[in-house]
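Look over the sequence and structure before reading on.

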Amino acid sequence: MRGEGARGRRSNRGGKQAGRKLRSQGRDARAPRAAALRLLSTMTQAEIKLCSLLLQEHFGEIVEKIGVHLIRTGSQPLRVIAHDTGTSLDQVKKALCVLIQHNLVIYQVHKRGVVEYEAQCSRVLHMLRYPRYIYTAKTLYSDTGELIVEELLLNGKMTMSAVVKKVADRLTETMEDGKTMDYAEVSNTFVRLADTHFVQRCPFVPATENSDPGPPPPAPTLVINEKDMYLVPKLSLIGKGKRRRSSDEDATGEPKAKRPKHIADNKEPIPDDGIYWQANLDRFHQHFRDQGIVSAVANRMDQTSSEIVRTMLRMSEITTPSNAPFTQPLSSNEIFRSLPVGYNISKQVLDQYLTLLADDPLEFVGKSGDSGGGMYVINLHKALGSLATATLESVVQERFGSRCARIFRLVLQKKHLEQKQVEDFAMIPAKEAKDMLYKMLSENFISLQEIPKTPDHAPSRTFYLYTVNILSAARMLLHRCYKSIANLIERRQFETKENKRLLEKSQRVEAIIASMQATGAEEAQLQEIEEMITAPERQQLETLKRNVNKLDASEIQVDETIFLLESYIESTMKRQ
């Protein structure tokens with residue numbers, strides 16, 4: 001009996017020690033949760049800072065002040081914005097015009113006739129992606145497509161005729177003397193961009209509203225018919241691009257002051273007046289997503305598999321909405337007919353590849369029926385989930401090492417694990433495994449779930465399971481990416497500001513050399529002008545250029561991660 005009592009006391013003492021240990025674990029588990037709540041409350045601060053930097057860089061201080069004020073406060077009427085920001089009404093109106101022109105602010109008329117303006121934070125953040133949009137257009141539609149998209153992004157909204165003329169003039173500037181760019185060629189590229197939905201019409205004021213005899217509404221109501229969004233007006237644009245002349249002369253070589261006034265003021269009517277176009281950013285995002293899926297399939301399997309997936313995505317890029325979880329079902333026969341000519345694979349081999357893709361654990365491709373040789377879809381939501389998970393794994397490996405990455409993948413695979421199970425499955429000593437788990441827990445890459453056996457939540461009668469909440473981890477990583485890009489932009493601005501004098505001097509020297517070359521100066525004279533920049537200054541310029549290029553490349557890389565995480569979060573939220 002005495003022995004049993006001693007054993008009971010020892011077991012109680014052990015239970016108390018375990019309870020104390022688990023209570024400390026519970027406190028440790030609550031700490032990351034509190035950190036996560038703080039993260040959600042400050043998450044908008046990182047976005048606001050980034051929006052502020054982007055608006056200031058693209059549009060200046062006044063537009064940045066109005067835009068950030070609207071992002072912070074939500075929708076507000078004109079006079080309240082002017083009062084709160086301490087800006088004159090005229091300046092607020094001009095700033096709002098700029099923001100509306102670039103689709104960064106929308107307006108809404110309330111029942112009492114008050115017009116309120118609301119900032120589009122996500123649209124402001126998309127300004128980070130402007131270089132990618134332009135490069136994509138260049139890749140798909142050569143230099144002409146690149147300049148069309150660039151003009152639309154720079155101006156927000158433009159008529160087709162204005163875009164065609166501006167792009168033709170710019171292309172003519174870069175051509176050899178005697179060569180010009182036809183308006184018709186630029187117009188054809190514009191039509192191809194509209195056919196593939198990379199550019200779209202802007203909403204317009206209906207004619208009935210203009211003809212209404214009553215008092216005008218506080219703000220016009222814009223409408224758009226979905227059928228007409230990509231309908232290109234039939235324009236007979238005849239002409240060629242013009243080269244820029246000096247400011248004192250026009251294209252005829254006659255000074256402006258000597259031209260008759262009626263000739264100067266005689267403007268031709270715009271053939272497509274009132275039909276404005278803008279870049280369709282959702283379509284570009286769809287292209288980026290498709291490229292990411294194709295690359296992932298190529299890395300996992302082979303080039304032929306990725307080409308089959310690319311063909312399926314290309315076939316459904318117009319018919320499938322950008323936010324759909326699946327593509328439209330495609331039959332094996334349709335896919336076979338749409339494969340590129342260079343891929344000489346038989347129908348039997350294609351069916352084997354499709355079966356292989358459908359049986360893959362990642363489930364990028366799914367089978368939805370047996371008609372037409374088999375119906376297949378691409379599971380876009382699962383593909384985005386796999387890409388986001390791979391990004392998280394990569395970040396864990398880079399930040400904490402390969403052993404942490406092994407634990408992270410293990411918890412991902414098994415869904416829920418106790419600490420002892422993690423140690424056993426990962427084959428890592430208990431102390432090291434515990435340290436790694438707590439490190440990832442404190443950084444919000446993994447979370448701790450409490451499952452009590454009894455209602456009192458006593459630590460000794462509670463299971464503590466480690467799990468990975470991919471959505472929560474993706475949001476945390478997205479927040480850090482916003483902070484990283486803001487830091488990169490600030491660093492680039494600092495580098496440029498520190499070397500402002502040297503940059504201005506370099507630009508002046510380049511302008512002098514260009515003007516002297518145009519007038520046929522000798523090589524010795526040009527050499528003398530080039531020597532105005534000393535060897536140390538030239539070296540400093542090279543260092544600055546290298547640093548700025550690195551920062552720009554880093555911005556683009558971080559934005560790729562941002563795009564992936566945003567796409568996954570948006571897709572997940574729509575399914576919930």
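**Cavity briefing**

By class, 4 nonpolar, 4 polar and 1 charged residues make up the lining of the second largest cavity. Here Ala, Val, Leu, Ile, Met, Phe, Trp, Tyr, Cys and Pro count as nonpolar, Asp, Glu, Lys and Arg as charged, and the others, Gly among them, as polar. The model is predicted: local features need pLDDT of at least 70, side-chain atom pairs count only at pLDDT 80 or more, and totals for chains, interfaces and linings use all residues. Numbering runs from 1 along each chain as its sequence is written, and side-chain values use heavy atoms, without hydrogens and water.

**Second largest cavity**

- The volume is about 60 Å³, taken as the space filled by probe spheres set on grid points joined across faces, edges and corners.
- The lining consists of His102, Asn103, Arg123, Tyr130, Leu152, Leu153, Gly156, Gln278 and Ala279.
- Lining residues have an atom within 4 Å of a cavity point; a cavity is a set of points on a 1 Å grid over the protein atoms alone where a 1.4 Å probe fits but cannot get out.
- Helix H6 (130–155) and strand E6 (276–279) each give at least two lining residues.
- H6 holds the largest share, 3 residues.
- Helices (H or I, at least four residues) and strands (E, at least two) are DSSP runs, numbered from the N terminus.

**Largest cavity**

- The largest cavity has a volume of about 70 Å³.
- Its lining is Ala296, Val297, Arg300, Met301, Leu357, Asp360, Leu362, Phe364 and Val365.
- Of these lining residues, 7 are nonpolar, none polar and 2 charged.
- Helix H11 (residues 281–300) supplies the largest share, 3 residues.

**Count**

- The model has 2 cavities of 30 Å³ or more.

Terms used
1 Å grid on protein atoms, 1.4 Å probe; cavity = no way out; pocket = protein on both sides within 12 Å on 5 of 7 lines; lining within 4 Å.
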